Amino acid sequence: MSADNGSDKPKIIWITGASQGIGEALALLTASQGMTVIASARSREKLEQLSARAENLSGEIIPKPLDILDRLSVENTIKSIVENHGDIDLAVLNAGTFIPMDGKEFRADTVKQHLDLNVMGTSYCLEPLIEIMKGQGSGQIAINASLSGYRGLPTAAAYGASKAALINMAECLHLELKSSGVDVRLINPGFVKTPLTDKNTFHMPFLVSSEQAAKNILKGLNGSGFEIRFPTAFAGIMGLLRVMPYRLYFYLAGKQLN
Ligand SMILES: NC(=O)c1ccc[n+]([C@@H]2O[C@H](COP(=O)([O-])OP(=O)(O)OC[C@H]3O[C@@H](n4cnc5c(N)ncnc54)[C@H](OP(=O)(O)O)[C@@H]3O)[C@@H](O)[C@H]2O)c1
């Protein structure tokens with residue numbers, strides 16, 4: 001994704017979950033490349049600080065505080081972006097959460113929290129975005145899922161289920177929206193060092209920085225592949241596990257529990 005869209009106008013990017021972690025790093029990277037970034041999350045203060053950090057960059061970061069669970073606010077935010085800036089070139093639906101849940105202490109409420117934010121929050125963004133981008137006849141929507149959506153992993157019954165849903169959703173939308181000029185992409189990161197994973201007490205293999213994650217995401221969005229997955233080695237391992245027969249998969253995954 002280059003900084004302009006063939007005209008003099010800079011690319012307009014909307015990022016959800018931009019107040020910290022992967023979203024924050026992606027906002028700074030894209031602004032450094034001259035793009036106009038509309039940054040959303042609930043924390044107004046963090047977004048304003050982020051915007052100030054972009055002051056010397058060639059692009060800009062415009063704070064647009066938003067709770068993606070508030071459907072009407074999502075619709076109004078998207079409308080106001082279009083009214084103030086014109087076509088949205090790229091939307092990165094990144095806001096999400098992870099709360100580890102031991103399967104022996106299964107809690108439906110924890111599942112609901114993940115499905116509400118990761119799946120429904122993303123869907124509240126998708127509905128108006130798809131309508132607008134169909135009208136534009138162009139636009140890219142990137143959905144941030146996770147490699148953990150590939151297969152069931154320890155402590156991830158709630159998180160993994162929500163991310164598996166997003167992977168499936170992105171596949172369907174990619175197929176169905178292509179003819180309308182809307183390019184739906186899937187982002188599947190491995191472990192990225194962010195405030196979300198700083199809470200983890202377990203070893204996170206192949207951990208990468210949020211800056212590196214942002215670089216991988218932007219490189220992928222500039223390319224033509226549907227899925228942007230990283231880091232390469234971990235994505236390769238997870239890819240293998242994904243197609244492995246259950247008997248072998250459970251044997252290998254079970255070893256992690258011992
Ligand atoms: N870090 C990893 O290892 C990793 C790996 C794979 C996938 N991912 C995915 O990547 C995405 C970003 O992860 P991260 O590690 O950067 O997480 P993070 O550091 O916890 O950041 C999450 C972002 O989402 C925002 N957010 C949370 N609830 C929201 C709501 N209701 N409305 C609007 N924004 C909301 C947060 O800001 P506010 O609190 O200010 O709203 C924050 O900006 C998530 O979808 C995550 O599942 C992360």
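Trainee: What makes the meeting of the side chains of Arg185 and Asp183 a salt bridge?

Mentor: In this predicted model, the N to O distance between the side chains of Arg185 and Asp183 is 3.0 Å, and a salt bridge is defined as a side-chain nitrogen of Lys or Arg within 4 Å of a carboxyl oxygen of Asp or Glu, so the pair qualifies. Side chains of opposite charge can pair when their charged atoms come close. Because the model is predicted, local features need pLDDT of at least 70 and side-chain atom pairs count only at pLDDT 80 or more, while totals for chains, interfaces and linings use all residues. Residues are numbered from 1 along each chain as its sequence is written, and side-chain values use heavy atoms, with hydrogens and water left out.

Trainee: Is Arg185 called buried or exposed, and why?

Mentor: Arg185 has a relative accessible area of 4%, so Arg185 is called buried, since that word covers values under 20%, while exposed means over 50% and partly exposed lies in between (1.4 Å probe, protein chains only).

Trainee: How many salt bridges does the structure hold?

Mentor: The structure holds nine salt bridges. One of them joins the side chains of Arg107 and Glu105, with 3.6 Å from N to O. Arg107 is partly exposed because its relative accessible area is 46%, and Glu105, also at 46%, is partly exposed.

Trainee: How do you know that Glu171 and Arg242 form a salt bridge, and which parts of the chain does the pair tie together?

Mentor: The closest N and O atoms of Glu171 and Arg242 are 3.9 Å apart, and the pair forms a salt bridge. As for the names, helices (H or I, at least four residues) and strands (E, at least two) are DSSP runs, numbered from the N terminus. Glu171, at 35% relative accessibility, counts as partly exposed, and Arg242, at 34%, counts as partly exposed as well.

Trainee: Which residues come nearest to the ligand?

Mentor: Ser19, Arg42, Tyr159, Val192 and Thr194 come nearest, out of 29 residues around the ligand, where a residue is near a molecule or strand if one of its heavy atoms lies within 4 Å of it. Helix H1 (21-32) and helix H5 (157-177) each supply at least two residues of this shell. By class, the shell has 14 nonpolar, 12 polar and three charged residues.

Trainee: What lies 2.9 Å from an oxygen atom of the ligand?

Mentor: A backbone N or O atom of Ser43 lies at that distance from the ligand oxygen. A ligand nitrogen atom is 2.9 Å from a backbone N or O atom of Ile68, and an N or O atom in the side chain of Gln20 is 3.0 Å from a ligand oxygen. The ligand taken alone exposes 880 Å², of which the protein buries 93%.

Trainee: What kind of peptide bond joins Phe230 and Pro231?

Mentor: The bond between Phe230 and Pro231 is cis, with omega about -10 degrees. Pro231 lies in the loop between strand S9 (227-230) and H7.

Technical notes:
A polar contact is a pair of N or O atoms within 3.5 Å; within protein, one must be able to donate a hydrogen and the other to accept it, and residues adjacent in sequence count only if both atoms are side-chain atoms. Accessible areas come from the Shrake-Rupley method with a 1.4 Å probe; for residues, only the protein chains shown count as cover. Ala, Val, Leu, Ile, Met, Phe, Trp, Tyr, Cys and Pro count as nonpolar, Asp, Glu, Lys and Arg as charged, and the others, Gly among them, as polar.
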